[in-house]
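Here is a friendly note to keep beside you while you look around. Each point takes up one topic and can be read on its own.

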Amino acid sequence: MNILITGGAGFIGVSLALKLLSKNFNVTVLDNLSRQIHGDDPTNSPLFIQIKDKVNFIRGDVRDTNDIENAIKHQDIIVHLASETGTGQSMYEIKRYVDVNVNCTAKLLDVVANTENKVKKIVIASSRSIYGEGKYKDNNGNVFYPEIRTEEQLKKGVFDPQHNGA
């Protein structure tokens, strides 16, 4: 089975690509090797090196229709992870973040829906910065709705959901 990972040279994409390779899937990665993630010499970044020569790598942009059309050829599944990272920056570079994080998803779906291809499934990832952390059950089956972590908790490295003043 052929699987395309957009944004596949990022932290989650690399981990997923390596796992899929270990399960004998054919993996293609479409990534622009963003300087923010990969530094000044992106082809030598620690993330990229982990997948280099192991996946079919396409250096391209999810905002470019031709890059998308090229990448989806022969793919059965698409895992769409491509995005701009950095919540703080997104507040001041709004057009760029919307273009990459929203419009590129629409463009990807449009290309898949309106071109001949063999894509059977698309997995679209998001993050808690979009949908929040939501409710969860503790070990006793009690339901909780996590509150925002305090600055003190973050400084101490407390990232797990907290309840009852914990």
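Predicted model: local features only at pLDDT ≥ 70, side-chain atom pairs only at ≥ 80, totals over all residues.

1. Helices (H or I, at least four residues) and strands (E, at least two) are DSSP runs here, numbered from the N terminus. Residues are numbered from 1 along each chain as its sequence is written, and side-chain values use heavy atoms, with hydrogens and water left out.

2. Let us go inside. The largest nonpolar core has 15 residues, and those touching the most other members are Ile3, Ile5, Ala17, Val27, Ile51 and Val55. Two or more residues each come from β1 (2-6), α1, β2, α3 and β4 (77-80). A core here is a set of buried Ala, Val, Leu, Ile, Met, Phe, Trp, Tyr and Cys residues joined through side-chain atoms within 4.5 Å. Buried means under 20% relative accessible area, exposed over 50%, and partly exposed in between (1.4 Å probe, protein chains only). Apart from this core lies another, of 14 residues, including Leu30, Ile72, Ile78 and Leu108. In soluble globular proteins, nonpolar side chains tend to be buried together.

3. Which residues does Val55 contact, leaving aside its neighbours within four places in sequence? They are Ala17, Leu21, Val27 and Val29, where contact means heavy atoms within 4.5 Å.

4. Next, please look at helix α4 (residues 65-72), where Ile68, Ala71 and Ile72 are buried. Seen down the axis of α4, the buried residues fall within an arc of 90 degrees, so they line one face of the helix; the arc is that of the directions from the helix axis to the C-beta atoms. These buried residues of α4 pack against β1, β2, β3, β4 and α6.

5. How many salt bridges are there? The count comes to nine, taking a salt bridge as a side-chain nitrogen of Lys or Arg within 4 Å of a carboxyl oxygen of Asp or Glu. Arg63 and Asp61 form one of them, at 2.8 Å from N to O, and Arg63 is partly exposed at 31% relative accessibility. Asp61, Arg63 and Asp99 are linked in a network of salt bridges.

6. Glu93 pairs with Arg96 in a salt bridge, with 2.3 Å between the closest N and O atoms. Glu93 is partly exposed at 30% relative accessibility, and Arg96 is partly exposed at 28%. Another salt bridge joins Glu151 to Lys155, with 3.3 Å between the closest N and O atoms. Glu151 and Lys155 are both in helix α8 (residues 151-156), four residues apart, or about one turn of the helix. Both Glu151 and Lys155 are exposed.

7. Two loop residues deserve a glance. Asn24, in the loop between α1 (11-22) and β2 (26-31), has a positive phi near 70 degrees, though it is not glycine. Asn24 counts as exposed because its relative accessibility is 68%. Asp53, in the loop between α3 (46-51) and β3 (56-59), is also not a glycine and has a positive phi of about 65 degrees. Asp53 counts as exposed, with 74% relative accessibility.

8. Ile94, Val98 and Val102 form a nonpolar surface patch with about 250 Å² of accessible area together. Patches are made of residues with over 30% relative accessible area and no salt bridge, with like charges joined within 9 Å and nonpolar side chains (Val, Leu, Ile, Met, Phe, Trp, Tyr) within 5 Å. Accessible areas come from the Shrake-Rupley method with a 1.4 Å probe, and for residues only the protein chains shown count as cover.
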